[in-house]
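Please look at the sequence and the three-dimensional structure shown below. The paragraphs after them give a guided explanation for a reader who is new to the subject.

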Amino acid sequence: MADYECKDFADIGKCFQKLHIYINTEVEKLKEKQEQIDERVKVLENQAEFANGELHDIHNSKIPNLESLIAEEANERLKLEVWGRKWNLVIRGIEGKVGESPKVTENIVRIWLQNDKKGLGFTAPQVKSMLFTAVHRLPNGPEKKRNIILRLSNLIDRDDILSAATKLPRGCGYSVVPDLPPSLAVRRGELLAERSKMSNEEKKKIQTCILERSTFRPTRKEKIINITRLV
């Protein structure tokens, strides 16, 4: 408050005059502060509008590209995983003992490959010439018929085994399928379930459609064994 006093009635006019000046001064100060605040608000609004525009541009340009890059990266990784498993086969239905060694599993597989009645009927020289990089039981499948993962050194041998597996009688209890990543294996099962409900003519169309969308160039026999018969 301004430094003034009213000692008598003669000073009342002076007091009001000083009070008027004081109030006007304070009002001017408030107006000045208000103008400064308004100016700062305008600056902040402009900055917010600019930031919103930048965010909008990022959302419309960068994020879709980022999502596309993420999807492309995931697809490339899946391709590499599929390629890495290309030499692998999964054999289902062969009996064995729990905890059997890979060497025992390999002998069982070679015997089954030569079996004319329950196996694939290869000759002994053919089976002997097949080079296995790895053979062992997988944790999935029935306890006494755990699935077997077989990795071959030669894609021609892999194709020959897959081709022979397509001739296994339906319901025989045995099957041979490509070793696919889990996501593709689930999708393959869904597609095969749908395919089983179709007519032979529809199956041919679906098979052609799948081959046209194949990730990799098919080997010489993959065109006829792209979809392996389920048990």
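What follows moves from the overall fold to charged side chains and then to aromatic pairs.

The model is a predicted one. Its protein chain contains 7 helices and 4 strands. Read from the N terminus, these elements follow the order α-β-α-α-β-β-α-β-α-α-α. The chain has 231 residues, and 24% of them are buried. In this account, a residue is called buried when its relative accessible area is under 20%, exposed when that area is over 50%, and partly exposed in between.

Glu28, Glu32, Glu35, Asp38 and Glu39 together form a negative surface patch. One of these residues, Glu35, belongs to helix 1, which covers residues 12-84. Is Glu35 buried or exposed? Its relative accessible area is 56%, and because exposed means over 50%, Glu35 counts as exposed.

The next topic is the pairing of charges. Side chains of opposite charge can pair when their charged atoms come close.

In helix 2, which spans residues 102-114, Arg110 and Glu106 lie 4 residues apart, about one turn of the helix.

Are Arg158 and Asp159 buried or exposed? Arg158 has a relative accessibility of 5%, so this residue counts as buried. Asp159, at 2% relative accessibility, is buried as well. Elsewhere, salt bridges with shared partners connect Glu81, Arg85 and Asp179 into one network.

Aromatic rings form the last topic. The structure has 2 aromatic pairs. Trp83 and Trp87 make up an edge-to-face pair, with 5.1 Å from centre to centre and 85 degrees between the planes. Why is this pair described as edge-to-face? The reason is that planes over 60 degrees apart count as edge-to-face, and here the angle is 85 degrees. Trp83 is partly exposed, at 47% relative accessibility, whereas Trp87 is buried, at 18%.

Trp112 and Tyr174 form a tilted pair, with their centres 5.6 Å apart and their planes at 45 degrees. Which parts of the chain does this pair tie together? Trp112 lies in helix 2, while Tyr174 lies in the loop between helix 4 (155-165) and strand 4 (175-178), so the pair ties together parts that are 62 residues apart in sequence. Both Trp112 and Tyr174 are buried.

How values were computed. Residues numbered from 1 in each chain as written. Predicted model: local features only at pLDDT ≥ 70, side-chain atom pairs only at ≥ 80, totals over all residues. Heavy atoms only, no water. Patch = residues over 30% accessible without salt bridge, like charges linked within 9 Å, V, L, I, M, F, W, Y side chains within 5 Å. Areas by Shrake-Rupley, 256 points an atom, 1.4 Å probe, with all protein chains shown as cover. Salt bridge = Lys/Arg side-chain N within 4 Å of Asp/Glu carboxyl O. Lys, Arg positive; Asp, Glu negative; His and termini not counted. Charge placed at Lys NZ, Arg CZ, Asp CG, Glu CD. Helix = DSSP H or I, 4+ residues; strand = E, 2+ residues; numbered from the N terminus. Buried < 20%, exposed > 50% of the residue type's maximum accessible area, 1.4 Å probe, protein only. Phe/Tyr/Trp six-rings, centres within 6.5 Å; stacked < 30°, edge-to-face > 60°.
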